[in-house]
Amino acid sequence: MEEECKKNKFLLIVACGLKPSRNSFANFLNKSDAKVIKKVFIATLVLLNNLHFLDFVKLFVDGTDAIVRASRNNKIALKDVERLKLMNEWNLLYNNTSKSINRTINRLEEKLEFYKNDEEMCKTINSTLKRINLYNTNIFGKLDIYSTIINERNIGSVSVSFPEACWMKTKKEIYDFAFNLQEIMTENHKEKRKKSTKKDFIRVKNGYICPFGRFMRLVEVKKVKH
């Protein structure tokens, strides 16, 4: 997307000459309301389709290579969620400034001295100090998302940057966080997917569109009646 915004003439016109970077897109996704973005995304696709700027039938994305651009080692587990809650109770979450981080570290070292006879608490504090980058206000803001996904999927941990991503084996025979792309199209075409029914789709002017997930896979299959 970053490269297309630099060379695609249509996007240059739409973006009024602005060329957003990869970090801009990442911040936009991480700091925006997911439900609002999804509605805007669908509405934009429908509009562009009506203006004949996009041909959905020819677009295809290979789902197994949809790796998220984040460290696969940067995970958050349920125990980290509990530690985040504790850090918030102690008012020790930092806000990504050097002064704030140093304050948090110093206060944790004071807590370590205070709880020196409590083996379990000392273990918790030492683990927190080792991953101090995790205990900030931005990550705490996603606490409910982390907890919900971990409990619903019954998994050990999720990606800090993209909690909705799945831990899966890639084509390179390694495990990484990625998105499982499995979505649809418009214009008299319907996604070829097992166990999908008409209720999975939103009715739009030119057909149906499936609103699940962050990405789309658009494939041409048999026509359906509206």
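Strands here are DSSP runs of E with at least two residues, numbered from the N terminus, and two of them pair if DSSP finds at least two bridges between them. The model is a predicted one. In it, strand β3 (residues 166-169) and strand β4 (residues 175-178) run antiparallel and are joined by four bridges, and Met168 has Asp176 in β4 as its bridge partner. The two strands form a hairpin with five residues between them, and in the turn Glu173 has a positive phi of about 65°.

Asp176 also comes into view from another part of the chain: its C-alpha atom is separated by 9.5 Å from that of Ala70, although the two residues are 106 residues apart along the chain. Ala70 lies in the loop between α4 (34-50) and β1 (75-77), and, leaving aside residues up to four places away in sequence, Ala70 touches Ser159, Ser161 and Phe162.

The largest nonpolar core has 22 residues, and those with the most contacts inside it are Ile76, Leu84, Trp90, Leu108, Ile139 and Tyr146. Helices α5 (78-89), α7 (119-130) and α9 (143-153) each supply at least two residues of this core. Apart from it lies another core, of six residues, among them Phe162, Ala165, Phe177 and Phe179.

The structure holds four aromatic pairs, and two of them are set out below.

| Pair | Distance between ring centres | Angle between planes | Class |
|---|---|---|---|
| Trp90 and Tyr115 | 6.1 Å | 20° | stacked |
| Trp167 and Phe177 | 4.9 Å | 65° | edge-to-face |

Trp90 lies in the loop between α5 and α6 (98-114) and Tyr115 in the loop between α6 and α7, so their pair ties together parts that are 25 residues apart in sequence. Trp90 counts as buried because its relative accessibility is 14%, under the 20% limit, whereas Tyr115, at 22%, is partly exposed. Together with Phe114, these two residues form one aromatic cluster, and the charged end of Lys111 sits over the ring of Trp90, 4.5 Å from its centre.

The other pair links Trp167 in strand β3 with Phe177 in strand β4, 10 residues apart. Phe177 is buried, with a relative accessible area of 3%, while Trp167 counts as partly exposed at 41%. The charged end of Lys75 sits over the ring of Trp167, 4.3 Å from its centre.

Technical notes:
Residues numbered from 1 in each chain as written. Predicted model: local features only at pLDDT ≥ 70, side-chain atom pairs only at ≥ 80, totals over all residues. Heavy atoms only, no water. Core = buried A, V, L, I, M, F, W, Y, C linked by side-chain atoms within 4.5 Å. Buried < 20%, exposed > 50% of the residue type's maximum accessible area, 1.4 Å probe, protein only. Contact = heavy atoms within 4.5 Å. Phe/Tyr/Trp six-rings, centres within 6.5 Å; stacked < 30°, edge-to-face > 60°. Lys NZ or Arg CZ within 6 Å of the ring centre and 35° of its normal.
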